[in-house]
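I opened my notebook to look up a few things, one at a time. Here is what I wrote down.

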Amino acid sequence: MQNNMENFMKIIYILDFFLVYSFAGWVLESVYKTICTKKFVNSGFLYGVFCPIYGIGALIMYLFLSICNNPITVFLTGFVVLSVWEYIVSWGIEKIFHETYWDYSNYKFNINGRVCLLNSIFWGVLGVIFTYIVHPLVEIQIIKINDILLIVITVTLLIIMLIDAIISIIKLNDISKKLETIKEIRKEIKVKLQELKATKNAKESIQLMINDLKEKEIKLKEKLVKQTDRIRKAFPTMKSETFKQIAKYRRK
């Protein structure tokens, strides 16, 4: 029974590491982008204060700790393993959502714009800081927390992150739906304009319908601009035909 509880708590600790480093990654990226843009940037794909890519990356480093016995091997592990992870995430996002959230094509020594030498060096340095400074402190503090309280906190935060992820995916899919609605409204406007030219009667009612459709189109465009602003700020180098189209609505 005691062994089962110990194994269960080991899983809880790993989940806590994931949550802590997901939050730390969000802070790191948000601060960096806020400084660069001189405006607050809520970084990451999710709406909340978590960047899971950092949390999973940290867990990968944690799993490799047993074979990393000096700063050089830690740096090289972070350099290689986390770069591979970043490449996989970039590829996955492009395949699933058909969007390129970051692009390093303008950086020297990049691979398909998904990873670059500068970022890989950053991952290596971050791996060293993580292994020798950050993680030992985090681990000590987490172990100090009462087991029951820790379980409650962990489960609560995981549920919050899961809800956030679901909402983020739904809102992302909603962008495509709104664009399709705008296309349908434009088609309907064309039909009504043809009716307006062809008929001599009920012109006023047809014109009112056209005005209503145009108003709906304007409101949808405004919603799309607001909806995509956060993602555009969070991923300033992203390449997306969808987001380019929405950016034109802002200019109009």
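**Cysteines, a helix pair and a serine**

I began with C116, which counts as buried because its relative accessibility is 2%, and the cut-off for buried is under 20%. I kept in mind that this is a predicted model.

Next I asked myself: how many disulfides does a search of the whole structure find? I got zero. I then checked C36, and C36 is in no disulfide. The nearest cysteine sulfur to that of C36 belongs to C116, 14 Å away. A disulfide needs the two sulfur atoms within 2.5 Å, so I moved on.

Then I turned to two helices, α5 (residues 147–198) and α6 (residues 203–234). I noted that their axes come within 9 Å and cross at roughly 160 degrees. Angles over 145 degrees count as roughly antiparallel, so that is how I labelled α5 and α6. Sorting the contact of α5 with α6 by class, I listed 15 nonpolar, four polar and 13 charged residues.

My last entry is on S83, which I found in helix α3 (residues 71–97). Is S83 buried or exposed? With 9% relative accessibility, S83 counts as buried. Setting aside neighbours within four places in sequence, I found S83 in contact with G78, V115, S120 and W123.

Technical notes. Residues are numbered from 1 along each chain as its sequence is written. This is a predicted model: local features need pLDDT of at least 70, side-chain atom pairs count only at pLDDT 80 or more; totals for chains, interfaces and linings use all residues. Side-chain values use heavy atoms; hydrogens and water are left out. Buried means under 20% relative accessible area, exposed over 50%, partly exposed in between (1.4 Å probe, protein chains only). Axes are lines fitted to C-alpha atoms, for helices over the stretch in contact, and angles run from 0 to 180 degrees between N-to-C directions. Helices (H or I, at least four residues) and strands (E, at least two) are DSSP runs, numbered from the N terminus. Angles under 35 degrees count as roughly parallel, over 145 as roughly antiparallel, 65 to 115 as roughly perpendicular and the rest as oblique. Ala, Val, Leu, Ile, Met, Phe, Trp, Tyr, Cys and Pro count as nonpolar, Asp, Glu, Lys and Arg as charged, and the others, Gly among them, as polar. Contact means heavy atoms within 4.5 Å.
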